[in-house]
Amino acid sequence: RVIAGRTRCLQRTPGASLTNFGGVDRIKTLENLEVFESWAETRLNCDNRIPFHFASVELNDSTREIVDSVKGFLDRHKNVRVRLDSHCGTAAPDGVAAAFSHIRGLAILSSVCGSDDDDGEPMRIDRSRVLVRAWGKQISEKVARLDGHRFAELAQEGRGWVEVSFLLPPSGEDDEPICLPPRPQYFNANGVCPLVINYHGPLKWPLVTNRRRQ
């Protein structure tokens, strides 16, 4: 059933196969298959960007819709984490790029998780399930040079974005979580590393279910 379901979802995922959709061949449990099938039906399968306007850290109506999709996914799948890789555009001054991208990531985190001041919030996501990585403009400078890359226009315009990826528990003997979508290669380039992170240490599963206000 896992193999059949995995193949069916790959057929629905644009451009995906067991050889080029890294990590999907590691889905070996029914739990992870269910998460993968659910993710393949979301808008985040086709476009996992949360774009920002130039020099802005504010969310607008369209970006809030994307954030709501993230919240809904985490609420349905309580053993899944989300990683927010936050970027500035290439025009960001060197002295503020790291901090600015970090603020953008935190803006998404706060929108996903809410705050203690929220009254009547129907859905609360535990902050321990949200990982923020601020990259300054390290990635945008690389992406801006990649003709046809789906993030190239944002990078060239200096707008920046946050990439959303979901982390599933490792399967079998694997130690690394499964990433949806697969991790882009530019994160592994020489000399590239997150400038600010909000979580240190190994990721552990199963997760404690998200807390709700009593």
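This is a predicted model: local features need pLDDT of at least 70, side-chain atom pairs count only at pLDDT 80 or more; totals for chains, interfaces and linings use all residues.

Analyst: Residues are numbered from 1 along each chain as its sequence is written, and side-chain values use heavy atoms, with hydrogens and water left out.

User: What makes residues 94-113 count as helix 5?

Analyst: Helices are DSSP runs of H or I with at least four residues, strands are runs of E with at least two, and both are numbered from the N terminus; helix 5 has 20 residues. Helix 5 reaches 30 Å from its first C-alpha to its last, close to the 28 Å expected at 1.5 Å a residue, where the expected span is 1.5 Å times one less than the number of residues.

User: Which residues of helix 5 are called buried?

Analyst: Buried means under 20% relative accessible area, with a 1.4 Å probe and protein chains only, and the buried residues of helix 5 are Ala 97, Ser 101, Arg 104, Gly 105, Ile 108, Leu 109, Val 112 and Cys 113.

User: How do you know that the buried residues line one face of helix 5?

Analyst: Seen down the axis of helix 5, its buried residues fall within an arc of 160°, so they line one face; the arc is that of the directions from the helix axis to the C-beta atoms.

User: Which residues line the largest cavity?

Analyst: A cavity is a set of points, on a 1 Å grid over the protein atoms alone, where a 1.4 Å probe fits but cannot get out, and lining residues have an atom within 4 Å of a point. Those of the largest cavity are Asn 48, Asp 85, Glu 163, Val 164, Ser 165, Pro 181, Pro 182, Arg 183 and Pro 184.

Methods: On a 1 Å grid over the protein atoms alone, a cavity is a set of points where a 1.4 Å probe fits but cannot get out, and a pocket is an open set with protein on both sides within 12 Å along at least five of seven lines; lining residues have an atom within 4 Å of a point. Buried means under 20% relative accessible area, exposed over 50%, partly exposed in between (1.4 Å probe, protein chains only).
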